[in-house]
Every structure is written in structure tokens, then in C-alpha cells.
Amino acid sequence: MPLNFELCPGRMIGGNNPCFIIAEIGQNHQGDIEIAKKMIKMVKDCGADCAKFQKSELEYKFNKKALERPYTSKHSWGKTYGEHKRHLEFSHEQYRELQRYARELGIFFTASGMDEMAVEFLDELNVPFFKVGSGDTNNFPYLKKTAQKGRPMVVSSGMQSMETMRRVYKTVKEHNQNFCILQCTSAYPLEPEDVNLRVITEYQKEFPDIPIGYSGHESGISITVGAVALGAKVVERHVTLDKSWKGSDHEASLVPEELAELVRSIRIVERALGTGLKRMLPCEVPCHDKLGKSVVAKTAIPKGTELTLDMLAVKVAEPKGVAPEDIFQLVGKKVTTDFEEDESITEDAVDNYSKKAKA
């Protein structure tokens, strides 16, 4: 059984707990705090568990030349990449405002710390868990410092190898028991053939004592629902209010109707997963009573006859007789009454035959 732990106050993940659904607002808010609030409200209304953003301290995430390089993309909010990123970056006070708003709505709030100083701020902000984006998954000094904070962690694995993920697991585990790993492919939007959902089952084998999840950038919801069917305990999807907005993440994001359908579909799949115990369920009894088959006499069988297989057939019969799976156990036993052709062979009319004897 995968490890269970409290990811957010009062919300356990892993084991038989419901899948935790993270709606990644990221920087799809266009740098506008009122749009960000609308998105938090949308995420709450759609039934997701958590609204998540991306927090950077830009001088710690990028070097000077990266910030100064020209940025002429159609998605640009400035002449340089630094201007672009500064337009989209909320201040510490704005983050506190967003956190207060999420608390008022009753939805969990966190962010990916995109550099070590951003993690320091998020720790000060008292977020329930840290999200490690794929770009920092192989940043081992960052991982160690983040794990040592003691908050639960959700670690994406885009752009990484299994060998690296083994190192990630060992590094985090040494300092923090409460974390999960998400299968992720870092492409926006993501084509189905590059999703590689089977990595989920490989992670479950490699890391059997932590929950495994999925972070998706594909179009639609089907693949994410499939991840839950494979056992994903946490899922993360980017969300937007309008896929045509400026920004490279919008095309790989879910609009409100899709997010609501994703949540609904995940909850249906969870109900359908069941216990793994195969048996006839109470809901199947009416069908069995109507169409379940029994052993019947293929020909007339006089009292005292020793049964052979060619005397028996299997049909839907009234009354119910011996179950078809037990037909071979009747061979060699004597009947204690006369049977007409097509009559049900009942347990009480066969010498030395009972469910107890079969056991």
C-alpha cells in the first residue's frame, strides 16, 4: 500500500484517499491580480482541490544575460525576457492577497518555488506543500534545501531519466518522508504518443512507499483520467479562462468546462476502481437470478444412477441447480431420486454432494 500522508491540513493523499487535483494557474493570469482571483474562484467552483501559481525571484532564477536577451515572441509582454517575466510576476504582498482570497473561498493555495529564494518566501507564506517544477528536479542543492524545510513536496519529473529520479527519491527521502513524484513530459501542448503513462506503473515499482501522480500538458482530459485509472494519487493540469490569450501555456491548459469535467470524471473513475476483490456483487444478483445457468439432466436419469458427464447439460433453469463450475464434481456420484430430461440437478438429490464436501 503506498504511503499515506497529509499533503494539506486535513487532506490525506495516497492509499485509498481521493486523488488530489491541482489546478495550475501558473502565470496564465496575464499579470493581472483580478484575473488571478477570478481563476482561483473558477478552480474552486470546478471542484479542484488546490489553486497553484509559480513564484520566481527573477535575479535568482535567471542570470543577467538571460534576462536581457530580446524576446520577440507573440507571447511577449516586453522587449526583453526580463521585462516579460517581470510583467507576469506578482509581488510578495500580492501573493499574500491571493492566499487570503483562496482561504476565504475554502480552497488550498500554493505555488511552485522556481528558485531557492522563492522557496524561502513560500515557506514564510506558510503554504501547505512545495511543488517542485521539472526544471528544478535535477537541481540537487535546491532539492535538499527544500526537503529540509519539512513541508510535504510534490515533485514533477519532466525532462528526467529514471536514473536521475532514483537520485531525486534518495535525496528527498533522506530529509523528508512526505513527498510524491509525478510522471510528466515537458512539452506544451503534449502529444499523446509522448505522454508515457506506463512510467506511472514503473514509478510505483521503483518507489513503492510514496504516492505517484501525473502532471499533464496534453489537450483534453482523457489521458489524465487514464492516469488516475493507473493509480495516480495526485494530478496537475494547467488551467486558463481563454486558450487564445497571450502566453505559451494557454494552449496546453483546460478551460473551466474541461476542468469541471475532469474533476467529475476522476471522481467517477475512483468510484469504479473498487476494492480489487473479485466476487459476485449484490447488484449482480438480479441478473444471476434471471440468467445464471445450472446443471440439468440431458436425458432421463433413474434413481441410483452413477452420473457421467454425457448425462449432464448446462442451461438457464428453474429452479436453480448445481452451478456450472461444479459440474465435474458430480461425475461418479449417484442420484437419490429420478430426474426427468431437462430437470435441474439439485445438490440435495446427489449422494455425498454438498458445498461443504466440495470445500
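Proline 189 sits in the loop between strand S8 (179-184) and helix H9, where helices (H or I, at least four residues) and strands (E, at least two) are DSSP runs numbered from the N terminus. The model is a predicted one, in which local features need pLDDT of at least 70 and side-chain atom pairs count only at pLDDT 80 or more, while totals for chains, interfaces and linings use all residues. Residues are numbered from 1 along each chain as its sequence is written, and side-chain values use heavy atoms, with hydrogens and water left out.

The loop between S8 and H9 also holds asparagine 196. Although asparagine 196 is not a glycine, its phi is positive, about 60 degrees. Its relative accessibility is 45%, so asparagine 196 counts as partly exposed; here buried means under 20% relative accessible area, exposed over 50%, and partly exposed in between (1.4 Å probe, protein chains only).

A cis peptide bond, with omega about -10 degrees, joins glutamate 318 and proline 319. Proline 319 belongs to the loop between strand S12 (312-316) and helix H13 (327-330). Aspartate 342, in turn, is found in the loop between H13 and helix H14 (355-358). This aspartate 342 is not a glycine, yet has a positive phi of about 80 degrees, and at 43% relative accessibility aspartate 342 counts as partly exposed. For background, most residues other than glycine have a negative phi, and most peptide bonds are trans.

After H10 comes glycine 231, with a positive phi near 115 degrees.

For the cysteines, a disulfide is taken as a pair of cysteine sulfur atoms within 2.5 Å, and by this rule the count is 0. The sulfur closest to that of cysteine 19 belongs to cysteine 180 and is 9.8 Å away, too far for a bond. Cysteine 19 counts as buried because its relative accessibility is 1%. Cysteine 287 is in no disulfide either, as the nearest cysteine sulfur, in cysteine 283, is 9.7 Å away.

Turning to the protein as a whole, there are 14 helices and 12 strands. The radius of gyration is 30 Å, well over the 21 Å that the globule rule gives for 359 residues, so the protein is more spread out than a compact globule. That radius is taken over C-alpha atoms, and the globule rule is 2.2 Å times the number of residues to the power 0.38. Along its principal axes, the C-alpha trace spans about 100 × 40 × 40 Å. Of the 359 residues, 50% count as buried.

Among contacts (heavy atoms within 4.5 Å) with a separation of 6 or more, 64% are between residues 24 or more positions apart. The protein exposes about 17800 Å², of which carbon and sulfur atoms supply 51%; accessible areas come from the Shrake-Rupley method with a 1.4 Å probe, and for residues only the protein chains shown count as cover.
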